[in-house]
Amino acid sequence: MLLKRFLAQHFRNLQDVDVSFDPNVNIFIGKNAQGKTNLLEAISFLASTRSHRTSNDKELIAFGQEYAKLSGTVQKSQVELDLRVLINKKGKKVWVNHLEQAKISAYVGRLNVVLFSPSDLELLKGAPAVRRRFMDQEFGQVNASYLYYASNYRQVLQQRNNYLRQLQFKRDKDLIFLSVLSDQLAGLAAEVIVRRFQYLTFLNQVAQKAYSQISEAREVLTLSYRPSIPGISKHDSTEAVYQTVKAYFEAQQAQEVKKGTTLAGPHRDDLEFDLDGSNAHAFASQGQQRSIALSLKLAEIQLVQHLTHEYPLLLLDDVMSELDHDRQRALLGYLHGKTQTFITTTDLTGISWEIIKQPRVYHIAAGKIKFVEGVEHG
Ligand SMILES: Nc1ncnc2c1ncn2[C@@H]1O[C@H](COP(=O)(O)OP(=O)(O)OP(=O)(O)O)[C@@H](O)[C@H]1O
Ligand SMILES: [Mg+2]
């Protein structure tokens with residue numbers, strides 16, 4: 001798929017942007033704090049209605065303004081779509097082809113992006129919450145039912161935690177309402193867990209291949225899902241997972257009431273990366289970490305393609321100069337011009353030009369984007 005034209009108004013420092021993009025590679029050059037990341041954040045927000053930098057949408061509205069507006073024309077193999085998002089102090093609204101969508105879940109998934117930024121290295125070394133956010137964002141954008149179950153899980157979890165906190169200090173404990181919530185939560189947990197297993201099995205296969213290409217087959221990368229509730233296996237049916245989770249809640253009830261919170265479930269699960277069977281979180285070198293993060297991104301691109309039959313956009317925020325020549329080649333060579341790519345950088349040195357064929361180059365300064373004709377490069 002392609003993003004042909006893109007407009008932004010009052011989105012962070014992008015006051016009034018109207019640009020057309022190249023179907024292959026677009027490079028944005030600008031000094032620090034000029035709006036490079038803001039632009040990629042805006043494109044990614046148009047796709048998912050979520051920012052990778054903040055969960056508070058109001059921060060995205062330009063200082064002193066009442067709203068931010070994004071829109072774009074997306075070309076897929078069969079159709080052309082017009083997407084639009086409005087963010088104001090009350091919330092956000094979304095349109096597809098000028099028709100307002102009542103539910104965000106009916107909007108998300110029309111445009112798919114895979115974003116790679118230096119903070120992706122956190123995936124390996126960061127807290128489990130970083131890896132759960134990764135799963136929720138990536139799987140949510142390719143599967144509307146994942147998005148639906150994951151957000152309902154969060155809501156019921158909050159309700160259950162509130163109730164557990166109340167019970168903590170009550171003498172007469174009404175456990176009937178708790179068991180209703182537990183049953184509901186177990187059902188939603190099973191839907192989330194089964195989907196995570198399914199997508200991670202796919203990601204593991206593809207990331208393994210990508211890693212062996214990047215690292216010249218020195219070590220084998222394995223990606224596995226680690227549910228926090230014991231006794232769940234990737235071969236279990238949704239019903240079987242539901243029974244296991246339900247039994248866990250029953251067994252832990254006294255403990256959970258005492259602690260006033262839900263002790264395990266999808267909100268406590270983790271992802272594990274291994275190299276040749278040893279945990280990479282603790283032992284991977286800088287270079288290995290980069291290769292793992294990169295492999296995961298390449299796998300994500302394949303996952304989107306596999307599920308939607310379209311290649312997503314690839315957004316590379318400030319990462320080209322972090323990758324050596326061979327890894328740049330592995331990244332762009334792997335894609336063979338299949339994905340429309342957006343690259344931001346502070347300067348052109350460090351980018352291997354012979355790998356990128358005829359990119360379109362833009363300058364970005366103080367939130368204004370200008371197309372540069374006949375750019376000189378080495
Ligand atoms: N809500 C907002 N309204 C107006 N300006 C904002 C808002 N949020 C952030 N900014 C401004 O956007 C600028 C940062 O833009 P951005 O993060 O895109 O920089 P960058 O070009 O990626 O820089 P770097 O090379 O350092 O990563 C800062 O000057 C910041 O003050
Ligand atoms: Mg930046």
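## Exercise 1: The ligand shell

The residues of the shell around ligand 1 comprise four nonpolar, eight polar and four charged ones (Ala, Val, Leu, Ile, Met, Phe, Trp, Tyr, Cys and Pro count as nonpolar, Asp, Glu, Lys and Arg as charged, and the others, Gly among them, as polar). This is a predicted model, in which local features need pLDDT of at least 70 and side-chain atom pairs count only at pLDDT 80 or more, while totals for chains, interfaces and linings use all residues. Residues are numbered from 1 along each chain as its sequence is written, and chains are lettered from A and ligands numbered from 1 in the order in which they are written.

Task: State how many residues surround ligand 1 and which are the closest.

Solution: A residue is near a molecule if its C-beta atom, placed from the backbone, lies within 6 Å of it. By this criterion 16 residues surround ligand 1. The closest are Arg-12, Asn-32, Lys-36, Thr-37 and Asn-38.

## Exercise 2: The chain as a whole

Task: Describe the secondary structure of the chain, and explain why the chain counts as compact as a globular protein of that length.

Solution: Step one is the count, which gives nine helices and 15 strands; helices (H or I, at least four residues) and strands (E, at least two) are DSSP runs, numbered from the N terminus. Step two concerns the radius of gyration, taken over C-alpha atoms, and the globule rule, 2.2 Å times the number of residues to the power 0.38. The rule gives 21 Å for 378 residues and the radius of gyration of the chain is 22 Å, close to that value, so the chain is as compact as a globular protein of that length. Along the principal axes, the C-alpha atoms fill a box of roughly 75 × 55 × 40 Å.

Step three turns to burial: 41% of the 378 residues count as buried. A residue is buried if 20 or more other C-beta atoms lie within 10 Å of its own, exposed if 12 or fewer, and partly exposed in between, with C-beta atoms placed from the backbone.

## Exercise 3: Two domains

Task: State how the chain is divided into domains and how many residues of each are in contact.

Solution: Domain 1 covers 1–112 + 312–378 and domain 2 covers 121–309; these bounds come from an automatic or database domain assignment. Their C-alpha centres lie 28 Å apart. Between them, 16 residues of domain 1 are in contact with 17 residues of domain 2, where contact requires C-beta atoms, placed from the backbone, within 7 Å. On the side of domain 1 that touches domain 2, the elements giving two or more residues are α1 and α9 (325–335). The largest share, four residues, comes from α9. That side of domain 1 divides into eight nonpolar, five polar and three charged residues.

## Exercise 4: Individual residues

Task: Decide whether Leu-223 is buried or exposed, and do so for Asn-97 as well.

Solution: Leu-223 lies in strand β9 (residues 221–226). Leu-223 counts as buried because it has 22 C-beta neighbours inside 10 Å. Leu-223 and Leu-271 are 48 residues apart in sequence, yet 7.1 Å apart in space, C-alpha to C-alpha.

Asn-97 lies in the loop between β6 (91–96) and β7 (99–101). With 11 C-beta neighbours inside 10 Å, Asn-97 counts as exposed. Asn-97 has a positive phi of about 50° although it is not a glycine.

Note on methods: Contact = placed C-beta atoms within 7 Å.
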